[in-house]
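Please consider the sequence and the three-dimensional structure shown below. The explanation leads from the overall dimensions to the sheets and then to the aromatic side chains.

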Amino acid sequence: MKVLFVYPIPPAKLQIPRFQQGIGSLSAVLRQGGHSTELLVVDRFDPDRLDADLARLQPDLVALSLTSNFFELGARIARHIAARRRLPVVLGGIHPTLCPEDSIAAEGVFALCRGEGEFPLLELCEALQTDRDPTGIANLWIKTGDRIYRNALRPLIDPLDQLPYPDRDLFDFSGLLKQYAEAEFMGSRGCPFQCTYCANHALVELYRGKGPYVRYRSIPHLMGEIESVLKRYPGIGFLGFHDDTFTLTPRWTRDFLDAYSARFKTPFWCNATADSITPELAARLKQAGCFEVRIGVESGNDAIRTEILRKKVPRAAIVAAFQSLREAGIFTYAFNMVG
């Protein structure tokens with residue numbers, strides 16, 4: 001089957017087009033399973049362009065990846081595709097995962113995926129290709145006529161090493177590098193904290209009993225992806241690690257830094273929690289090539305930060321972390337909420 005991923009993003013004046021890990025992973029699994037994939041990046045509803053792209057690409061299935069702020073746009077696209085082309089439209093991403101009822105009710109939507117979508121989407125493609133009944137596939141909600149099949153969640157993917165490296169060619173990664181010379185990676189999935197402004201606390205509840213929510217790739221697996229990307233795509237100036245809490249597990253972090261510094265010289269940045277940063281870790285990060293650490297501060301007001309946002313990081317830990325990083329010669333980057 002040919003699957004067309006539709007990826008809504010903000011207009012170009014607000015955001016540089018970037019590689020998206022989730023879609024890249026979905027595409028890699030589908031291609032490994034013998035299917036073909038295409039990508040359509042959109043920033044608005046343009047029916048003429050949509051019709052032209054559908055006629056040119058001739059997909060068998062359309063998969064929309066949606067955050068909540070793009071749900072309305074996604075619903076318009078799904079309705080248009082179903083009306084004009086009669087193609088099955090599948091929704092995935094954080095909004096269908098946490099708001100499945102309004103997502104499956106959208107006109108033109110055939111199915112949605114809750115949670116990790118690599119293997120459910122692969123099974124759906126195989127079922128449709130062979131005319132088998134897809135209504136029992138775990139993680140999927142499927143709408144046929146007036147009936148909705150609400151299937152339970154399958155266990156979380158563990159170990160993560162069973163997944164192939166994400167598909168960067170789908171995004172014309174060489175072209176993206178000409179605009180922004182960064183290669184982005186993830187060494188883990190999940191975050192254990194209960195911050196109220198983030199989706200992770202809801203996902204922890206959704207997946208309770210389905211395996212460990214925080215999972216790490218093995219160091220050799222991650223090193224292999226980094227090496228393959230650096231070799232395949234010239235012009236990479238630095239790397240970024242988008243893990244929610246890259247420094248969460250001290251042993252994994254130490255093993256990564258040792259392996260990375262022994263094989264690569266490309267500078268990188270990562271996310272961290274303030275209370276995981278010590279002078280010793282800051283020095284090791286610097287030695288391995290880390291030039292920037294990004295930390296969620298969110299609010300300088302202790303009550304707002306700890307009681308309302310439930311980011312249980314003391315003020316002293318935040319101050320100490322930034323001081324340790326600066327003394328090690330690492331740039332600091334703070335995430336903050338205003339308003």
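The model is a predicted one. The protein contains 13 helices and 14 strands. Its radius of gyration is 21 Å, whereas the globule rule gives 20 Å for 339 residues; the two values are close, so the protein is as compact as a globular protein of that length. Along the principal axes, the C-alpha trace spans about 60 × 45 × 40 Å. Of the 339 residues, 51% are buried. Considering contacts between residues at least 6 apart in sequence, 72% join residues at least 24 apart.

As background, strands of a sheet pair through backbone hydrogen bonds, in either a parallel or an antiparallel manner.

Within this sheet, β1 and β2 run parallel and are joined by seven bridges. The bridge partner of F5 in β2 is L39. Strand β1 is mostly covered, since six of its seven residues are buried. Further along the sheet, strand β3 (residues 61-65) pairs with strand β4 (residues 89-92) in the parallel sense over four bridges. In β4, V89 is the bridge partner of V62.

The loop between β2 and α2 holds D46. The relative accessible area of D46 is 26%, so this residue counts as partly exposed. D46 and R76 are 30 residues apart along the chain, and their C-alpha atoms are separated by 10.0 Å.

The other open sheet consists of five strands in the order β8-β11-β12-β13-β14, with parallel pairing. Strands β8 (182-185) and β14 (331-336) stand at its edges; each has a single partner strand, so one side of each is left without a neighbour in the sheet. Strand β13 (residues 290-298) and β14 run parallel and are joined by six bridges. The bridge partner of I295 in β14 is A334. Helix α9 (residues 219-232) lies across β8 and β11 (238-241), and runs at about 160 degrees to β8.

The aromatic side chains form a further topic. A search of the whole structure finds 19 aromatic pairs. Y216 lies in strand β10 (residues 215-216) and W252 in helix α10 (residues 250-263), so the pair ties together parts that are 36 residues apart in sequence. W252 has a relative accessible area of 10% and is therefore buried.

Another pair is formed by F246 and F256. The centres of their rings are 5.0 Å apart and the planes stand at 90 degrees, so the pair is edge-to-face. F246 is located in the loop between β11 and α10, and F256 in helix α10, ten residues apart. Both F246 and F256 are buried.

Which residues form one aromatic cluster? The cluster consists of F185, Y216, F241, F246, W252, F256, Y260, F264 and F268. One of its members, F185, has the charged end of R168 over its ring, 4.6 Å from the ring centre. A further arrangement of a charged residue and a ring involves R294, which lies over the face of W269 at 3.6 Å from the ring centre.

Key. Residues numbered from 1 in each chain as written. Predicted model: local features only at pLDDT ≥ 70, side-chain atom pairs only at ≥ 80, totals over all residues. Heavy atoms only, no water. Pairing = 2+ DSSP bridges. Helix = DSSP H or I, 4+ residues; strand = E, 2+ residues; numbered from the N terminus. Contact = heavy atoms within 4.5 Å. Axes fitted to C-alpha atoms, helices over the stretch in contact; angles between N-to-C directions. Phe/Tyr/Trp six-rings, centres within 6.5 Å; stacked < 30°, edge-to-face > 60°. Buried < 20%, exposed > 50% of the residue type's maximum accessible area, 1.4 Å probe, protein only. Lys NZ or Arg CZ within 6 Å of the ring centre and 35° of its normal. Rg over C-alpha atoms; globule rule 2.2 N^0.38 Å.
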